Amino acid sequence: MDGEEGLLPSGKIALSSLGIAPARLRRRDIPREHRAHCRAITNWLIKYDGEQAISNKEKLRGVLESFYHCCALEDWRGAIYLLHMPLNTPTHEDVHNQLFTWGYYSDVIALYENVMDKSSPLLNATLLNGLGAVYDVLGK
């Protein structure tokens, strides 16, 4: 989804923040696997229209799929950016907080586990706090 009126911010802005320039993906000096993941991220962020989806989670599918492609590339900065991308909601919740609010607890756990220990101690503390909140809601 590329419009500003929907739930998600502009896909072009997200690609720019991730450092992905679709026109550069034709270059042969970029490894094939890297190009494939970057093309997938581009397609998910630009072409996927989650606004037509039935479930709230499906509305975020493009961002979630892009997150996992960033993880496959070991682009932890990009993955973390996608986790914290603010949505066009009245409260401007980040992606991971919105998933928590909607009750997609297993998805939140999976997201956090993918980036745990991949960045700063401060981020790890935030992720551990988030995991604690999820497990508290689940009664564990």
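Biologist: Which residues of helix 8 are buried?
Modeller: This is a predicted model. In it, the buried residues of helix 8 are Leu123, Asn124, Leu127, Gly130, Leu131 and Val134.

Biologist: Where do they sit around the axis of helix 8?
Modeller: They cover an arc of only 125° around the axis, so they lie on the same side of helix 8. An α-helix has 3.6 residues a turn, so residues three or four places apart point the same way.

Biologist: And which residues are exposed on the other side of helix 8?
Modeller: Pro121, Leu122, Leu128, Asn129 and Asp136 are exposed there.

Biologist: What covers the buried residues of helix 8?
Modeller: The cover includes helix 5 (76-83), helix 6 (95-102) and helix 7 (105-115).

Biologist: Asn124, then. Is Asn124 buried or exposed?
Modeller: Asn124 has a relative accessible area of 13%, so it counts as buried, the cut-off being under 20%.

Biologist: What does Asn124 touch?
Modeller: Leaving out residues up to four places away in sequence, Asn124 touches Val115, Met116, Asp117 and Lys118.

Biologist: How far apart are the end C-alpha atoms of helix 8?
Modeller: They are 24 Å apart. At 1.5 Å a residue, the 17 residues of helix 8 (residues 121-137) should span 24 Å, which agrees.

Biologist: What follows helix 8?
Modeller: Gly139 follows helix 8, and its phi is positive, near 75°.

Biologist: Change of topic. Which residues of helix 2 are buried?
Modeller: Arg35, His37, Cys38, Ala40, Ile41, Thr42, Trp44 and Leu45 are the buried residues of helix 2. Their cover includes helix 1 (11-18) and helix 4 (61-72).

Technical notes. Residues numbered from 1 in each chain as written. Predicted model: local features only at pLDDT ≥ 70, side-chain atom pairs only at ≥ 80, totals over all residues. Heavy atoms only, no water. Helix = DSSP H or I, 4+ residues; strand = E, 2+ residues; numbered from the N terminus. Expected span 1.5 Å × (residues − 1). Buried < 20%, exposed > 50% of the residue type's maximum accessible area, 1.4 Å probe, protein only. Arc of directions from axis to C-beta. Contact = heavy atoms within 4.5 Å.
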